[in-house]
Amino acid sequence: MTAELNCLGQRCPLPVIALAKKLPTVAIGDIVRVLADDPAAAVDIPAWCRMRGQEFLGSPAPAAFEVRRIS
Amino acid sequence: MQPAYFDAATAVPLHPVAKEALIAALDEGWADPGRLYTQARRARLLLEAAQGAVAQILGVRSDEVTFTPNGTEAVRAAISGALAARKRVGQVLVHSAVEHSAVLHAAGEQSVSVKVDNTGRIDSAAWESAIDQPGVGLAALISASHEVGTLQPVEWAGEVCARHGVPLFVDAAMSVGRIPVPDGWNLLSASARKWGGPAGVGVLVVRKATRWVSPWPHGQGSLDLPAILAAAASLQAVHAEAASENARLSALVDRIRATVAATVPDVEIVGDPGQRLPHLATFSCLYVDGESLLHALDRRGFAVSSGSSCTSSTLQPSHVLAAMGALTHGNIRISLHRETTSSDVDRFLAELPGIVKDLRAEVGM
């Protein structure tokens with residue numbers, strides 16, 4: 001299952017906050033795809049995953065970032 | 001409430017010795033050192049004494065030291081002059097990904113950025129491979145990061161450059177006056193306001209064996225001699241105080257790093273824990289907007305800097321934090337100086353957790 005979060009046009013840290021609120025609502029193993037075009041998102045979404053122990057899967061398309069819930 | 005100024009990495013408050021020297025120099029050093037009359041000879045002697053003082057502290061010859069109108073101008077002159085002398089070899093500038101923006105702006109079209117690890121130190125294999133390419137005109141490495149404090153392996157990087165016949169430029173703005181700059185470089189820049197001298201004085205050093213074409217073939221134009229004299233006098237003063245000040249500030253920085261990590265949840269302490277500048281601490285707080293944090297701290301009397309995108313005019317996050325893969329939002333840099341007291345730091349550490357908590361509550365975190 002992949003859930004999508006549309007954060008286009010939002011400035012950091014808003015996309016990261018949206019991700020932090022969304023991830024606990026999906027099942028462990030599921031993926032959240034964040035759409036975010038703020039230039040800081042490309043750094044801050046992987047950094048959030050590292051700090052919170054979640055898995056950053058990469059950026060499958062420009063301004064899109066995928067995170068798997070692992071805990 | 002006594003305001004606490006924690007942005008020494010931008011500008012240190014004028015050192016008392018700089019103030020005294022500046023006032024004296026306004027009477028003594030106002031004449032043009034290039035003229036031939038008595039007042040000018042006096043100015044010339046004072047300028048030479050200032051060059052000598054700076055040279056002695058940097059361990060170079062007096063005639064290798066040039067003063068510039070600011071640190072950025074010294075960076076530009078170092079890079080453009082060194083590349084101009086290497087036209088036949090190549091014009092590629094190899095630089096670390098964490099250079100000051102003044103270096104990146106002076107880099108021109110042909111530049112190669114060398115990646116850093118998560119502490120901000122250059123990747124040694126990537127540095128060697130970048131220097132070992134044809135067409136490299138110059139390499140640039142910051143002595144210590146102005147944003148996260150991590151020291152770079154300047155001497156090692158210089159050895160790699162020397163093996164390939166590439167000159168090395170070191171932006172030593174963060175180190176000069178505080179810690180020794182390692183050997184192995186050909187050109188160096190520094191800025192007086194980073195050590196407690198006046199704004200408006202930069203230092204450029206070009207070592208004797210280095211090929212360099214002056215960007216001022218017809219002379220630099222008049223410089224602010226009183227400010228230069230004050231810069232040199234204050235450099236001697238801070239150099240003399242450096243050992244005790246470094247021990248004091250380094251202990252405060254250790255306390256900041258440890259206490260922030262322990263009292264603020266979801267925080268990332270950035271930069272190398274050991275190999276770093278004595279006076280600078282950087283951290284990023286999850287879910288907090290850097291600009292809001294900076295303003296909230298300012299309202300409580302704390303002047304700090306931030307690498308978060310919302311605090312920059314371009315709305316880009318700090319290229320230094322991005323290169324390290326460090327969290328860029330909610331970022332705060334605290335840089336201390338001789339007027340910073342232990343109680344300033346205590347008050348900051350007591351107030352920060354509540355400020356971060358309130359800002360997070362506003363966004364439902």
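A disulfide is a pair of cysteine sulfur atoms within 2.5 Å. The model is predicted.

**Exercise 1. Cysteines**

Task: Find how many disulfides the structure holds over all chains, and explain why Cys7(A) and Cys49(A) form no such bond.

Solution: 
- Step 1. Take the count over all chains: zero disulfides.
- Step 2. Start from Cys7(A). The closest cysteine sulfur lies in Cys12(A), at 9.1 Å, so it is too far for a bond.
- Step 3. Move to Cys49(A). Its closest cysteine sulfur is in Cys12(A), 12 Å away, which is too far for a bond.
- Step 4. Cys49(A) is buried, at a relative accessible area of 2%.

**Exercise 2. The faces of a helix**

Task: State which residues of helix H5 of chain B are buried, and work out how they are arranged around the axis of H5(B).

Solution: 
- Step 1. Locate the helix. H5 of chain B covers residues 124-131.
- Step 2. List its buried residues: Trp127(B), Ala130(B) and Ile131(B).
- Step 3. Look down the axis of H5(B). The buried residues fall within an arc of 95°, so they line one face of the helix.
- Step 4. Recall the general rule. An α-helix has 3.6 residues a turn, so residues three or four places apart point the same way.
- Step 5. Find the packing partners. The buried residues of H5(B) pack against strands S3 (92-96), S4 (111-114), S5 (136-142) and S6 (168-171), and against helix H6 (154-163), of chain B.
- Step 6. Inspect the start of H5(B). There, a side-chain oxygen of Asp123(B) comes to within 3.1 Å of the backbone nitrogen of Ala125(B).

**Exercise 3. The interface**

Task: Describe the contact between chain A and chain B by its residues, its buried area and its salt bridges.

Solution: 
- Step 1. Count the residues. Chain A gives 16 and chain B gives 21.
- Step 2. Take the area. The two chains bury about 1,500 Å² between them, with 65% of it on carbon and sulfur atoms.
- Step 3. Pick out the leading contributors. Pro13(A), Val43(A) and Met51(A) supply 31% of the area that chain A buries against chain B, more than any other three residues.
- Step 4. Count the salt bridges between the chains: two. One of them joins the side chains of Arg50(A) and Glu268(B), at 2.4 Å from N to O.
- Step 5. Assign the elements of chain A. H2(A) provides the largest share, seven residues.

How values were computed:
Residues are numbered from 1 along each chain as its sequence is written. Chains are lettered from A and ligands numbered from 1 in the order in which they are written. This is a predicted model: local features need pLDDT of at least 70, side-chain atom pairs count only at pLDDT 80 or more; totals for chains, interfaces and linings use all residues. Side-chain values use heavy atoms; hydrogens and water are left out. Buried means under 20% relative accessible area, exposed over 50%, partly exposed in between (1.4 Å probe, protein chains only). Helices (H or I, at least four residues) and strands (E, at least two) are DSSP runs, numbered from the N terminus. The arc is that of the directions from the helix axis to the C-beta atoms. Contact means heavy atoms within 4.5 Å. A polar contact is a pair of N or O atoms within 3.5 Å; within protein, one must be able to donate a hydrogen and the other to accept it, and residues adjacent in sequence count only if both atoms are side-chain atoms. Buried area is the accessible area (1.4 Å probe) that two parts lose on being put together, summed over both. A salt bridge is a side-chain nitrogen of Lys or Arg within 4 Å of a carboxyl oxygen of Asp or Glu.
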